[in-house]
Amino acid sequence: MKIVFATNNKHKLDEVKKIMAGHIKIVSLEEIGCHDDIPETANTLEGNALLKASYIKEKFGLDCFADDTGLEVETLHNAPGVYSARYAGETHDSEANMNKLLSELQGKDNRRARFRTVITLIIGNETKFFEGIVNGFIDTVKKGKTGFGYDPIFIPEGYTQSFAELGDTIKNKISHRAKAINKLNDFLSTLNA
Ligand code: IMP
């Protein structure tokens, strides 16, 4: 089975290809010749994932899925959430985003946070949503070199190292995206059976 993953983020594409290895052929936007800046103007993760998947389905007529992820920080009433990419401005600068979050949390005892991913799949005439959550904490400093985004400051529950220190192999087993992708995988496998 071939399916388009509506993302331009190479890190996410690699993560998803590793998680779904052997099951389903993932086709990137580049491979279908889509270089459009797909709008992400909704104010929820579900809304944005649906916008992206619908765009590809309508323009290219291909089955596809799209994801949207937010870092939800408890003491900040789940901010930055759907605005995680542009928390510190429209440049989508991960360093600036992390610095802003670290400064917002300065002196705060409650550092609980979670990554939440929503995947929207549009296959045939059917639309399905899959959610994945990883709970954890925001560290006080950045640590580690792998991954992307907020990985250097996010410590998943049950671990003492950040996602960026734990590396891709562990992250891909426990992450928000892995959990959502595994649910998607299970669903697609039932179609294949
Ligand atoms: P997106 O909309 O799924 O691309 O995610 C929005 C933003 O959340 C990204 O630009 C990153 O800053 C952050 N983000 C998403 N997934 C991850 C992750 O796995 N690790 C760290 N940050 C992430």
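The model is predicted, with local features requiring pLDDT of at least 70 and side-chain atom pairs pLDDT 80 or more, while totals for chains, interfaces and linings use all residues. Residues are numbered from 1 along each chain as its sequence is written, and side-chain values use heavy atoms, with hydrogens and water left out.

Several polar contacts, pairs of N or O atoms within 3.5 Å, can be followed here. An N or O atom in the side chain of R177 lies 2.7 Å from an oxygen atom of the ligand. Polar backbone atoms also take part: that of T69 is 3.0 Å from a ligand oxygen, and that of Y150 is 3.0 Å from a ligand nitrogen. The protein covers 90% of the 470 Å² of accessible area that the ligand has on its own, as computed by the Shrake-Rupley method with a 1.4 Å probe.

Elsewhere, the count of aromatic pairs comes to five; rings of Phe, Tyr and Trp (its six-membered ring) pair if their centres lie within 6.5 Å. F115 and F163 form a stacked pair (planes under 30 degrees apart), at 6.2 Å centre to centre and 20° between the planes.

Methods: A polar contact is a pair of N or O atoms within 3.5 Å; within protein, one must be able to donate a hydrogen and the other to accept it, and residues adjacent in sequence count only if both atoms are side-chain atoms. Rings of Phe, Tyr and Trp (its six-membered ring) pair if their centres lie within 6.5 Å; planes under 30 degrees apart count as stacked, over 60 as edge-to-face and the rest as tilted.
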